[in-house]
Amino acid sequence: MNIQQINQYTTSLNTIMQVIKSDDDKDEVEVWFARDLQSVLGYARWENFQTAIARAVDSCKSQGINVDDHFREVTKMVELGSGSKRYVEDYMLTRFACYLIAQNGDPKKEEIAFAQGYFALQTRKAELIAEHLQQLSRLATRDRLRASEKQLSRNIYQRGVDDRGYSRIRSKGDTVLFGGHTTEDMKRRLGIKSTRPLADFLPTLTIAAKNLATEMTNYNVEEKNLYGEQSITTEHIQNNASVRQMLGERGIRPENLPPSEDIKKVERRVNSNEKMIEKTSNKLPKEK
């Protein structure tokens, strides 16, 4: 997602934001109405968006947070195509409520991915939102690699390969992907402790490349019913070679890409930002 797209989404969410007074009339509360938020977040049907709202409410409850401080059912007058008007169900939402909705929305929607960053930060600066979104993307990509490697471990264990064999298979795949550099070579090259996983310091692109090769191996191990370390090693080497060739055609050499920040630090920073959302999101005034 580029800065221009982020600015467009930011403008859309800023436009539908309203400001109301808190109970003591000293603070302002930023609120959004669900009917307005629905279209900005890419939902065509109200019923589908209600599902995301319901999940967000459950998430709020599970955290021990008073739902009424952030979600309020209201009615809203709308004009129908015939020119007549009628009342419809709506919700008044705080920034924290909107964040929970984004967290419980369809992750495949670009609008949802953006909203997670927009509502997670107090700032509306596109550059800071973009940085947060990049961090979320790297974390999600790393999680996908963990899942695919876990699946590979299960697959090959069922096909006569023990833990040591699994380590050898992964290492040989890395050696091909990184142009002859072993996993340990890459750790030394990037200044990574030998006890830490290499992928925790790789840029998102390289993590995604490793994941693609691993997913291809998982698929063909099952599809071709491969058995034994040798046949699975050959498959994994070929898949990493294919991914490396594809990257090379675009002028990318994985071994030459600089390391990224320790993903554990990124995860702590993102978690810290997200823990602050409820604390910094002013509560809805009590109903009169």
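Start by selecting helix 1 and helix 6 in this predicted model. On the helix 1 side, pick Ile3, Ile6, Asn7 and Thr10; these meet Ala126, Glu127, Ile129, Ala130 and Leu133 of helix 6. Sorted by class, this contact between helix 1 and helix 6 holds six nonpolar, two polar and one charged residues. Now look along the two axes: they come within 10 Å of each other and cross at roughly 110 degrees. Helix 1 is therefore roughly perpendicular to helix 6, since angles of 65 to 115 degrees are counted that way.

The crossing of helix 6 past helix 7 is right-handed. To see where they touch, select Glu149, Leu152, Ser153 and Ile156 on helix 6, then Tyr166, Ile169 and Arg170 on helix 7. By class, four nonpolar, one polar and two charged residues form the contact of helix 6 with helix 7.

Next, select residues 110-120, which are helix 5. Highlight the buried ones: Ile112, Phe114, Ala115, Gln116, Gly117, Tyr118, Phe119 and Ala120. Then show what covers these buried residues of helix 5, which includes helix 1 (3-16), strand 2 (28-33), helix 2 (34-40), helix 4 (95-103), helix 6 and helix 11 (263-280).

Move to Phe71, in strand 3, which spans residues 71-79. Phe71 has a relative accessible area of 6% and is therefore buried. Which residues does Phe71 touch, beyond those up to four places away in sequence? Select Ile53, Ala56, Val57, Cys60, Met92, Leu93, Ala97, Leu100, Ile101 and Leu284 to show them. One of these, Leu93, is worth a distance label: its C-alpha atom is 5.1 Å from that of Phe71, although the two residues are 22 residues apart along the chain.

Now go to Thr183, in helix 8 (residues 183-190). Is Thr183 buried or exposed? Its relative accessibility is 16%, so Thr183 counts as buried, the cut-off being under 20%. With neighbours within four places in sequence set aside, the contacts of Thr183 are Ser171, Asp174 and Leu198.

Finally, zoom out and colour the whole protein by secondary structure, which comes to 11 helices and four strands. Along the principal axes, the C-alpha atoms fill a box of roughly 70 × 40 × 40 Å. The radius of gyration of the protein is 24 Å, whereas a compact globule of 288 residues would have one near 19 Å. Colour by burial next: buried residues make up 44% of the 288 residues.

Terms used. Residues numbered from 1 in each chain as written. Predicted model: local features only at pLDDT ≥ 70, side-chain atom pairs only at ≥ 80, totals over all residues. Heavy atoms only, no water. Left-handed = near helix turned anticlockwise from the far one by under 90°. Helix = DSSP H or I, 4+ residues; strand = E, 2+ residues; numbered from the N terminus. Contact = heavy atoms within 4.5 Å. Nonpolar A, V, L, I, M, F, W, Y, C, P; charged D, E, K, R; others polar. Buried < 20%, exposed > 50% of the residue type's maximum accessible area, 1.4 Å probe, protein only. Rg over C-alpha atoms; globule rule 2.2 N^0.38 Å. Axes fitted to C-alpha atoms, helices over the stretch in contact; angles between N-to-C directions. Parallel < 35°, antiparallel > 145°, perpendicular 65-115°, else oblique.
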